[in-house]
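Biologist: Could you walk me through how to read the ligand sites here? I would like the general idea, then the case at hand.

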Amino acid sequence: MTSSVIESRGGPRLTEREELRRQVSEVVGAAPVFDMHTHLFAPEFGGLNLSGIDELLTYHYLVAETFRSAEVSYESFWRMSKSEQADLVWRTLFVEHTPVSEAARGVVTVLDSFGLDTAAEDLKEARAFFREQDAASHLGRVLELAGVSDVVMTNDPFDAREARVWEGDGGIDRRFHAALRMDGLLNDWEGSAAALQARGYEVDRGVSGKTAGEVRRFLDVWIERMRPLYMAVSLPDDFEHPAADARDRVIREVVLPTARAHHLPFALMVGVRRGVNPALRAAGDGVGRASVRAVERLCAENAGVRFLATFLSRENQHELCVSARKFPNLLPFGCWWFLNNPSIIKEITRERLELLGTSFVAQHSDARVLEQLIYKWKHSRRCLADVLADSYERLLESGRAVTRAEVERDAARLFDGNFRAWVGQAPPAESRSNR
Ligand code: HDL
Ligand code: ZN
């Protein structure tokens, strides 16, 4: 037994720094992930599934970055075919310049994971590789490479393409789970009210009379169909609660009673400024510092509802940690969107560990294209392992060494257990059998 590993209760305690960091990296690198927020779809959703090099390169993150370095107008770019757009992105960000941005490095990580040339002049090899893949076995391989056991989708009850699948009688791949997304209902009430009226629901724009009951009936139908793990909404940086607007009334009179009736958590994703530059289309959204106080009030007024929350602004992260200390029904999650970069993931995770211990959901991928799971989780695992190892090292300096089993327990809680417990999902089969 090396001197760095001293036998004690619960397995050998890791008392030597190098060995400790090595084992943390190993454990975090292999911890199964319940990816609790993505824009991926189960195979049954057909064309809604995005995969392959052209989709990876036309990811809106990379589109925004390409406009900064390429001589191309918005109009001419949007007139291009997807493969022409991908060729331009590849040439601009990967050939003419070095792919050091997080989203560009992500594509490099994906190509490397399949043994493809990461510095190719063109996309011939990559396109041929993805064309040759069998969808079902490729899905399995990607989930295995990423270490992802479960994927939560983002499901819009007003999307006709999705509805065809949900209204069919076939189930969906059990590795995929629904999240009932409320952006239409809460951020475009006028449009949703019209859509609901067209479906025969007796709702009015003033949210009066039967409206609340009718919208709840609509949600009940979709909850029955989708069996979502939670309801979610993205909210602007000027979101307030209480507020004298339709959104606040629908939240209070419809969403929160529905959350209680169905024991569904409500996920608040706060701080997005939609359409800052409309010419960039999906890439045109921005960020704004938001009010954590609004989320605190919702938690305080609804102690019986479990909230998930993530904020888009770096400036909101510390406040969110403090609020989570005040409200046990508030579970912070992920390093969302513009925060999903190593420098900020480490900062956010460090302050969460210092203020919340391991009582938060460390990360979600937000993947839109299947193979993004590979890079988003590989990159995040590296960051989270570094920060966790730092925490264990400080603990060691304070006189307490951890065991590998404790590291495994902590990683499982951060990547999987906290979320499963919040949404009432049974622990993964293998851990049940170990009990
Ligand atoms: O609203 C959201 O769920 C965001 O994640 C947006 O979809 C955003 O465009 C995105 O993909 N961020 O990663
Ligand atoms: Zn998202």
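Modeller: Happy to! A polar contact is a pair of N or O atoms within 3.5 Å. Here, a polar side-chain atom of Arg274 lies 2.8 Å from an oxygen atom of ligand 1. For Tyr61 the distance to an oxygen atom of ligand 1 is 2.4 Å, and for Trp336 it is 3.1 Å. This is a predicted model, in which local features need pLDDT of at least 70 and side-chain atom pairs count only at pLDDT 80 or more, while totals for chains, interfaces and linings use all residues. Side-chain values use heavy atoms, without hydrogens and water.

Biologist: How much of the accessible area of ligand 1 does the protein cover?

Modeller: Accessible areas come from the Shrake-Rupley method with a 1.4 Å probe. On its own, ligand 1 has 330 Å² of accessible area, and the protein covers 97% of that.

Biologist: Which atoms coordinate the zinc ion (ligand 2)?

Modeller: Donors are N, O and S atoms within 2.8 Å of the metal (3.2 Å for Na, K and Ca); water is not among the atoms, so sites may look incomplete. In this model, NE2 of His37, NE2 of His39 and OD of Asp366 coordinate the zinc ion (ligand 2) at 2.0 to 2.1 Å. Along the chain, their spacing reads H-x1-H-x326-D.

Biologist: Is His37 buried or exposed?

Modeller: Buried means under 20% relative accessible area, exposed over 50%, and partly exposed in between (1.4 Å probe, protein chains only). His37 counts as buried because its relative accessibility is 3%. Asp366 is buried too, at 7%.

Notes
Residues numbered from 1 in each chain as written. Chains lettered and ligands numbered in written order. Polar contact = N/O pair within 3.5 Å; in protein donor to acceptor, adjacent residues only side chain to side chain.
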